[in-house]
Amino acid sequence: MKNILILVIALFTVIYGRAQSVRRLTDQHIVNQQERMVFKQWDKKKFTPTKGFLGLNPNYWLTWAWHPNYPKNDLRPLSSSGAQTQRLLLVAAMSNTEEAYSRHADTLRNTALSEMLNYAGAVSEADPLWQLYYSHEFQPLYQVNHASALQGSAPEVSEYLIRTGLLQWYLDEGAALAERLNGARSTNLDRGSRIMAYHRMLDEYRQLSSIWEAKKQRAKLFLSLAKTNADQKRPDKAGIASPGRTDIQIAEDVLRKSKL
């Protein structure tokens, strides 16, 4: 019984193995046609079936009688003038065109971004020239107030500048210049025009600072002259001035002494 079971198993194994094996059928006519159509040279001799002896092969006439010009014309899709070759060339040309359009679009995008950065006032704070130079030069302008304007001045000079309205004039001019500077920084403007505006306003600010320093010095000199003149008119100082001297002579004498 055991031997019969082994024999049956072996028989089924052989049958299953033969059932799984596939015999490969090769038709040389099909192979020649495939090679001829795709990558091989156009060889008329490989048109099978052939005419045979005296052209009596009936398979030839049954095959090629319906297509008499087929063996004479190069109809390979991948030939130099084949349909597939033309499609590949067209795809390559379209790909090159697409790349050219893409590069052109990227150029336009980069140009637009560059122009936006040049014109947009929102990003003027990040301008390298502003960061490296103008922000430092304009920093005192944003810090103009009573304390900074009167810094280094004597109390009587500060009181005189406040009383005569010179301090308020300086503060108003500084505020107006700072407002113009903020407008140039926030307005959408060409970068070159913005830089030129910075340059002009920096020159105006320096002139304003020079004028203010000159006014403080003149105020100090005026108060000194006024004090000296008042001292000259005192009774105990009357002996200093010669009888009959005019006010102009007295002022010249005071200026000459103040220079010593």
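These legends walk you through a few close-up views of one predicted model. In this predicted model, local features need pLDDT of at least 70 and side-chain atom pairs count only at pLDDT 80 or more, while totals for chains, interfaces and linings use all residues. Residues are numbered from 1 along each chain as its sequence is written, and side-chain values use heavy atoms, leaving out hydrogens and water.

**View 1. The chain has 11 helices and 0 strands.** Along the sequence the pattern reads α-α-α-α-α-α-α-α-α-α-α. Helices (H or I, at least four residues) and strands (E, at least two) are DSSP runs, numbered from the N terminus. Of the 260 residues in the chain, 20% are buried (under 20% relative accessible area, 1.4 Å probe, protein chains only).

**View 2. The second largest pocket holds about 180 Å³ of space.** On a 1 Å grid over the protein atoms alone, a pocket is an open set of points where a 1.4 Å probe fits, with protein on both sides within 12 Å along at least five of seven lines. The volume is the space filled by probe spheres set on the points.

**View 3. Helices α7 (146–149) and α10 (191–232) each give at least two residues to the lining of the second largest pocket.** Lining residues have an atom within 4 Å of a point. Which helix gives the most to this lining? Helix α10 does, with 5 residues. Look for Y170, W212, E213 and K216 among the lining residues. The lining divides into 6 nonpolar, 4 polar and 2 charged residues; Trp and Tyr count as nonpolar, Glu and Lys as charged.

How values were computed. Buried < 20%, exposed > 50% of the residue type's maximum accessible area, 1.4 Å probe, protein only.
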